[in-house]
There are 2 protein chains.
Amino acid sequence: MSNTINMSLDDVHQLALNALTSQGFSTAQADAIATTVTAAERDECHSHGLFRIAFYVKSAANPTTDPTATPEVKLTESSVVHVNAREGFCPLALQMGLDPLRDKAMKHGIAALAIHNVYNIAALWPEVEALADQGLVAFAFTGSNAYVAPHGGTKPLFGTNPMAFSWPRANQPPLVFDQASSVSARGEIQLHAIDGKPIPAGWAIDKRGQSTTSADDALAGAQLPFGAHKGSSIALMVELLAGALIGDLFSYESTQRDTLKTGGPCGGEFLIAINPMHTLADGNVEAAQARAEHLFENILSQEGTRLPSARRFEARKRSLANGVNIPEKLHAQVLDYT
Amino acid sequence: MSNTINMSLDDVHQLALNALTSQGFSTAQADAIATTVTAAERDECHSHGLFRIAFYVKSAANPTTDPTATPEVKLTESSVVHVNAREGFCPLALQMGLDPLRDKAMKHGIAALAIHNVYNIAALWPEVEALADQGLVAFAFTGSNAYVAPHGGTKPLFGTNPMAFSWPRANQPPLVFDQASSVSARGEIQLHAIDGKPIPAGWAIDKRGQSTTSADDALAGAQLPFGAHKGSSIALMVELLAGALIGDLFSYESTQRDTLKTGGPCGGEFLIAINPMHTLADGNVEAAQARAEHLFENILSQEGTRLPSARRFEARKRSLANGVNIPEKLHAQVLDYT
């Protein structure tokens with residue numbers, strides 16, 4: 001175990017904010033990113049925590065990225081809210097788009113948010129959780145770069161294409177999942193490569209299309225969709241929703257655009273929010289939530305099961321009580337940016 | 001090969017209609033079911049074709065089912081359309097709900113349809129395809145009976161919980177997928193049981209929670225979600241969307257209600273329709289569709305890939321040109337109902 005530093009969440013936020021503003025990010029961009037980075041540390045999603053600051057800095061060096069962009073919200077009579085992120089990062093665009101999305105969903109029963117021209121290297125659970133915290137059921141979809149072969153194929157084309165979903169629960173954090181369309185996250189393979197460890201069979205194929213357990217060969221080859229053709233269909237759906245449907249780049253187009261190979265994907269994010277008051281014939285949200293709790297109890301009554309995001313919420317309790325433990329090396333690395 | 005009878009699609013429709021009306025279905029219910037059954041035969045989805053008439057008849061014998069129900073459409077200012085199917089079958093409820101859903105989506109950019117109290121034993125692709133034929137991107141979700149164990153568990157709880165998605169293509173049938181959250185359709189296991197053939201490992205577990213290749217043991221045990229915990233999350237999402245979100249039964253509640261063990265699930269169906277005119281910042285649907293075609297070309301340029309539903313549309317061409325070939329035995333069985 002490497003040595004760690006115990007930090008409060010406020011200190012994590014300040015560290016991230018200082019690092020990003022020192023690297024040319026506007027305060028608004030840096031603050032929004034620092035908030036999602038802090039939430040990830042809080043929930044012990046370390047790969048989306050302070051570890052990711054370096055990735056933001058690297059992406060910002062891309063001449064097509066604008067770490068000072070002010071997103072533009074476009075509101076019309078439509079239930080689809082648009083935010084043009086103007087080549088900035090996603091957290092600020094979301095911060096500006098989520099309230100209008102909520103308002104439209106509250107009023108009309110269902111609404112959507114299209115975030116355009118955005119660099120998105122964050123997880124999707126914060127935004128669907130934020131919507132669920134306001135009583136809405138929510139989906140989020142985004143592409144990435146071309147990493148995943150379509151089922152039956154051998155060459156990277158789809159992104160890891162996460163899809164997130166949330167369900168508001170009474171008196172406790174919402175049920176949330178946020179899962180890649182690939183068997184594993186790309187970051188997991190990268191960590192195996194750094195550690196010189198083999199990856200499990202079934203995660204990826206090499207450049208020749210052969211199954212591989214070499215992390216390096218996997219990174220040079222293609223990741224595989226989860227669940228064979230079914231996960232591949234979901235990856236395709238995400239390409240369409242976050243790409244063609246909202247006029248933003250497909251994952252392979254993002255790769256083509258990333259001439260500096262920063263790995264920072266530019267594209268769109270698409271969200272849907274649903275107001276249960278409108279979908280329930282009797283509008284009785286309390287009863288519907290109680291019924292969902294019965295379903296969850298029925299799942300958990302089976303030994304070996306757990307609810308998606310349960311581990312995250314356990315971690316959150318620990319972090320809120322005790323702060324978080326950041327590896328000294330990571331802390332020094334982020335501090336170096338200031 | 002058993003002997004077959006060549007029939008026109010009109011003849012298939014008439015045969016199904018006569019069988020159902022002779023068995024106490026109202027003309028409206030029977031006509032809507034016959035239309036989906038005929039579409040399935042046309043696309044060579046035989047398990048949803050005339051083969052399914054016996055299942056409809058058996059389900060209708062359930063005292064809680066009403067094969068003469070007139071669904072009630074409820075329209076308000078909300079973008080969520082409600083159809084109370086009144087314990088009838090889904091095809092008629094859909095027939096009445098799809099146009100209002102389309103109108104709401106066209107006007108507001110995104111809309112939803114909640115079908116309540118419905119017996120649903122049809123595929124979901126006809127409805128998402130119908131919406132895509134009108135230029136909309138669509139989702140559909142429905143539960144079934146408790147057949148699938150949550151990931152890590154050993155007892156059936158979730159339904160096979162299909163999720164369907166469609167994307168409108170210019171000058172050709174839409175891209176559509178309609179996939180169960182289980183590794184295999186339940187019907188596939190039933191066919192293996194009838195033929196006395198083993199099922200592939202990974203499809204199901206027996207009553208003791210052990211992996212099995214016995215179709216009979218699988219039917220008595222539990223099916224498995226596709227893609228381990230990720231497919232399980234999708235199955236859970238479908239339970240919530242088609243169950244608690246719209247106030248309808250979960251799959252395990254449907255099983256509890258099915259005291260005669262007809263296997264006909266009663267619950268809800270939830271649909272979302274999206275108008276690309278509203279999600280595209282420039283409203284240029286033609287350009288967006290052309291971009292999607294590039295994505296499809298990129299997929300198909302990889303040997304071994306295919307687009308979801310491609311086989312169905314190939315079959316459709318054959319059937320429209322030559323009619324369909326129905327096994328004599330199946331034809332006689334359906335004719336027997338008249």
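How many residues does the contact take from chain A and from chain B? The contact takes 56 residues from chain A and 56 residues from chain B. Before going further, please keep in mind that this is a predicted model. Its scores are ipTM 0.97 and pTM 0.98, and for chain A the average pLDDT is 96, with 99% of the residues scoring at least 70.

**Where the two chains meet**

Let us start with the side of chain A that touches chain B. The elements of chain A that give two or more residues to this side include the strands 3 (80-84), 4 (110-119), 6 (163-167), 7 (175-179) and 10 (266-274). Helix 8 (228-242), helix 10 (276-279) and helix 11 (285-300) of chain A are also among them. By class, the residues on this side are 29 nonpolar, 21 polar and 6 charged.

How are the two copies related?

In chain A, 7 strands form an open sheet with mixed pairing, in the order 2-3-4-10-5-6-7. Strand 2 (72-74) and strand 7 of chain A stand at the edges with a single partner strand each, so one side of each has no neighbour in the sheet. From one strand to the next, the twist averages 10°.

For a look inside this sheet, take strand 3 and strand 4 of chain A, which pair in the parallel sense over 5 bridges. A:Val80 has A:Ala112 as its bridge partner in strand 4 of chain A. Helix 5 (residues 125-132) of chain A packs on the sheet, where it touches strand 5 (137-142), strand 6, strand 7 and strand 10 of chain A. The direction of helix 5 of chain A makes about 20° with that of strand 6 of chain A.

**The sheet in chain B**

Chain B has an open sheet of 7 strands in the order 2-3-4-10-5-6-7, with mixed pairing. Its edge strands are strand 2 (72-74) and strand 7 (175-179) of chain B, each pairing on one side only. Strand 6 (residues 163-167) of chain B runs antiparallel to strand 7 of chain B, and 5 bridges join them. One residue pair to look for is B:Ala164 with its bridge partner B:Asp178 in strand 7 of chain B.

Helix 8 (residues 228-242) of chain B lies across strand 5 (137-142), strand 6 and strand 10 (266-274) of chain B.

| Helix 5 of chain A | Strand 6 of chain A | about 20° |

**Two helices packed together**

Finally, turn to helix 2 (residues 27-42) and helix 4 (residues 90-108) of chain B, which pack at an angle of about 90° with their axes 7 Å apart. That makes helix 2 of chain B roughly perpendicular to helix 4 of chain B. Helix 2 of chain B contributes B:Ala28, B:Gln29, B:Ala32, B:Ile33, B:Thr35 and B:Thr36, while helix 4 of chain B contributes B:Pro91, B:Leu92 and B:Gln95. This contact has 5 nonpolar, 4 polar and no charged residues.

Terms used:
Residues are numbered from 1 along each chain as its sequence is written. Chains are lettered from A and ligands numbered from 1 in the order in which they are written. This is a predicted model: local features need pLDDT of at least 70, side-chain atom pairs count only at pLDDT 80 or more; totals for chains, interfaces and linings use all residues. Two residues are in contact if their C-beta atoms, placed from the backbone, lie within 7 Å. Helices (H or I, at least four residues) and strands (E, at least two) are DSSP runs, numbered from the N terminus. Ala, Val, Leu, Ile, Met, Phe, Trp, Tyr, Cys and Pro count as nonpolar, Asp, Glu, Lys and Arg as charged, and the others, Gly among them, as polar. Two strands pair if DSSP finds at least two bridges between them. Axes are lines fitted to C-alpha atoms, for helices over the stretch in contact, and angles run from 0 to 180 degrees between N-to-C directions. pLDDT is the predictor's confidence in each residue, from 0 to 100. Angles under 35 degrees count as roughly parallel, over 145 as roughly antiparallel, 65 to 115 as roughly perpendicular and the rest as oblique.
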